[in-house]
Amino acid sequence: MGHNDIMNTAEDFVDQFLRVTKQYLPHVARLCLISTFLEDGIRMWFQWSEQRDYIDGTWNCGYFLASIFVFLNLFGQLSGCILVLSRNFVQYACFGLFGIIALQTIAYSILWDLKFLMRNLALGGGLLLLLAESRSEGKSMFAGVPTMRESSPKQYMQLGGRVLLVLMFMTLLHFDMNFFYILQNIVGTALIILVAIGFKTKLAALTLVIWLFGINIYFNAFWTIPAYKPMHDFLKYDFFQTMSVIGGLLLVVALGPGGVSMDEKKKEW
């Protein structure tokens, strides 16, 4: 069996997977995508005093402003998640969640930590894809008449979302001479490039979903660590952030790469 036969078989499998799951895959993708916001909002409720004291101690802003910060995080994230899951005012919910990411990036000094900054940007990429998905397909003055070939903001959102999503995988690269890590780096880099440029996009994205889910379960098993240990919260944070990126990739699988991609350009050739 040649290389082309293998690729064709793999793409046929992805098409069959999409036919079977098309009714609920977008819902699973959205749930995964907002999972980190949902978990963080609930954590703000149960760790209100700890979060307030941390912000007050870090910024010396007083209990009142620190409490306002915690409330904004709690309310903004939980309300955003409810709106996304209920499919109401999704665009406003996305903008609100973008604001939460920006607020946390500054408040928790993530701006100076490259690894966490890249993960937050990847999370923003997932929200861009969700925002693109929520845009009405047919807001044209002339129903049924195609408009200016899909050079629309939606397509550039899909491109930006794909490019930002790959930042998550850059944080997983290990510069080590271990054979497993070398293989993981080569395969992972090839797949993220394919997703970024939009070539064999659905196949590459689904492969990344499977790979990333396996890594997440193995390395971020927070449920194996007692809740009172700091490592529990660190792993839990990583786990749900990774699940959100998986949700973004599932949106790519469900919706395709959009017009600004090699897959779309191939249709013209």
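**Overall fold**

The protein chain has eleven helices and zero strands, where helices (H or I, at least four residues) and strands (E, at least two) are DSSP runs numbered from the N terminus. Read from the N terminus, the order of elements is α-α-α-α-α-α-α-α-α-α-α. The radius of gyration is 20 Å, close to the 18 Å that the globule rule gives for 269 residues, so the chain is as compact as a globular protein of that length; the radius is taken over C-alpha atoms, and the rule is 2.2 Å times the number of residues to the power 0.38. Along the principal axes, the C-alpha atoms fill a box of roughly 60 × 55 × 30 Å.

Before the details, a word on the source: this is a predicted model, in which local features need pLDDT of at least 70 and side-chain atom pairs count only at pLDDT 80 or more, while totals for chains, interfaces and linings use all residues. Residues are numbered from 1 along each chain as its sequence is written, and side-chain values use heavy atoms, with hydrogens and water left out.

Let me turn to the pockets and cavities. On a 1 Å grid over the protein atoms alone, a cavity is a set of points where a 1.4 Å probe fits but cannot get out, and a pocket is an open set with protein on both sides within 12 Å along at least five of seven lines; lining residues have an atom within 4 Å of a point. Grid points are joined across faces, edges and corners, and a volume is the space filled by probe spheres set on the points.

The second largest pocket has a volume of about 600 Å³, and of the 21 residues that line it, R43, Q51, Y108, F234 and Y237 lie nearest its centre. Helix 2 (25-46), helix 3 (48-59) and helix 10 (230-255) are the elements that give two or more residues to this lining, and helix 10 provides the largest share, with five residues.

How many cavities of 30 Å³ or more does the structure hold? There are two, and the largest cavity has a volume of about 100 Å³. Its lining consists of 14 residues, with T36, Q104, L123, Y237 and Q241 nearest the centre. At least two lining residues come from each of helix 2, helix 5 (90-107), helix 6 (114-134) and helix 10, and helix 2 makes the largest contribution, five residues.

The second largest cavity, with a volume of about 40 Å³, is lined by L129, A132, E133, Q158, L251, V252, L255 and G256. Helix 6 and helix 10 each supply at least two of the residues in that lining.
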